[in-house]
Amino acid sequence: MTAFASLVVLLREAERWLLPGECLVCRSAVGPEDPLICAPCQSRWRRLPEPQCPRCGQPFTRIAEECRSCTAWPDGFLQARSAVWLDVPARAAVHHLKYGGWSRVAEPMARLMGRLEPLTHPGILVPIPLAARRARSRGFNQAERLATALGQCARMPVRADVLARQRETPTQTALVPEARRANVADAFHASGVAAGARLVLVDDVFTTGATLAEAAAALLEAGAGTVDAVTFARARPAVHEASC
């Protein structure tokens with residue numbers, strides 16, 4: 001074990017004992033070996049129901065419904081799956097990881113994601129990168145922390161160096177689906193991808209799939225054989241969206 005790895009282990013153990021012994025969400029007591037979000041709060045994370053679109057994973061509201069959201073995805077982008085709905089309990093976990101910097105929150109999130117179908121086959125995990133300015137101001141990338149936890153859980157390698165944002169993009173939060181697609185067009189650049197590799201993109205939230213599709217296109221152009229994607233949570237579609 002390198003000196004840096006040893007330091008990480010020591011800091012991790014110190015964190016377990018020095019942090020307040022309470023759940024970040026409900027403030028109930030937890031022990032030093034417990035996750036930062038207690039089991040009752042985790043039990044409120046709502047898994048997505050079946051049936052789902054076989055490609056983008058959006059639950060159907062009607063039997064034999066035809067999905068329209070993933071028809072424009074690049075051919076090699078085969079499948080995306082999310083673990084839970086982005087309801088209030090799951091949103092709290094995402095918020096603590098994304099804005100609070102609580103790395104250990106990624107552990108229970110990753111354990112739930114580990115059951116998703118794209119992770120049942122060998123592949124390489126690739127976190128969605130942040131824009132350089134946002135990464136500097138935040139000091140970390142929540143998708144990379146999630147991918148690291150997921151790699152340990154699913155025993156898959158993580159490559160955070162093959163995908164980069166080649167231009168700054170405004171936040172997607174307030175944009176409608178069409179604007180989201182335009183916002184991330186040609187936003188990513190990929191390099192160092194092994195020819196024919198099977199890659200699995202990792203992100204915290206799936207909203208319209210625009211970011212994942214654009215990242216997948218860059219990886220496929222760089223030589224990847226196929227690309228799948230997994231996210232912890234999925235935003236519920238807008239009321240006016242009849243299909244996934």
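Guide: Gladly. A search of the whole structure finds 6 salt bridges, a term that asks for a side-chain nitrogen of Lys or Arg within 4 Å of a carboxyl oxygen of Asp or Glu. This is a predicted model, in which local features need pLDDT of at least 70, side-chain atom pairs count only at pLDDT 80 or more, and totals for chains, interfaces and linings use all residues. Residues are numbered from 1 along each chain as its sequence is written, and side-chain values use heavy atoms, with hydrogens and water left out.

Visitor: What makes D87 and R236 a salt bridge?

Guide: Their side chains meet at 3.0 Å, N to O, and the limit is 4 Å, so the pair qualifies. D87 sits in the loop between β1 and α3 and R236 in the segment after β6, 149 residues apart. Helices (H or I, at least four residues) and strands (E, at least two) are DSSP runs, numbered from the N terminus. R46 joins D87 and R236 in a network of salt bridges.

Visitor: Why is D87 called buried, and what is R236 called?

Guide: Buried means under 20% relative accessible area, exposed over 50%, and partly exposed in between (1.4 Å probe, protein chains only). D87 has 17%, so the buried label applies. R236 has 42%, and therefore counts as partly exposed.

Visitor: How do you know that K98 and D204 tie together parts of the chain that are apart in sequence?

Guide: The side chains of K98 and D204 meet in a salt bridge at 3.7 Å, N to O. K98 belongs to helix α3 and D204 to strand β5, so the pair ties together parts 106 residues apart in sequence. D204 has 3% relative accessibility, so D204 is buried.

Visitor: What are R159 and D161 called, buried, partly exposed or exposed?

Guide: R159 has a relative accessible area of 30%, so R159 is partly exposed. D161 has 54%, so D161 is exposed. Their side chains form a salt bridge at 2.6 Å, N to O.

Visitor: Why is R234 called buried, and which side chains make polar contacts with R234?

Guide: R234, in strand β6, has a relative accessible area of 0%, so R234 is buried. A polar contact is a pair of N or O atoms within 3.5 Å; within protein, one must be able to donate a hydrogen and the other to accept it, and residues adjacent in sequence count only if both atoms are side-chain atoms. The side chain of R234 makes such contacts with the side chains of Q58 at 3.3 Å and S82 at 3.0 Å.

Visitor: What makes a nonpolar core, and which residues have the most contacts inside the largest one?

Guide: A nonpolar core is a set of buried Ala, Val, Leu, Ile, Met, Phe, Trp, Tyr and Cys residues joined through side-chain atoms within 4.5 Å. The largest has 36 residues, and W45, M109, M113 and F232 have the most contacts inside it. Helix α4 (106–113) is among the elements that each supply at least two residues, and α4 gives the most, with 5. Apart from this core lies another of 30 residues, including C56, W73, F188 and L220.

Visitor: How confident is the predictor, by pLDDT?

Guide: pLDDT is the predictor's confidence in each residue, from 0 to 100. The chain averages 84, and 78% of the residues score at least 70. Over residues 240–244 the pLDDT is below 50.

Technical notes. Contact = heavy atoms within 4.5 Å.
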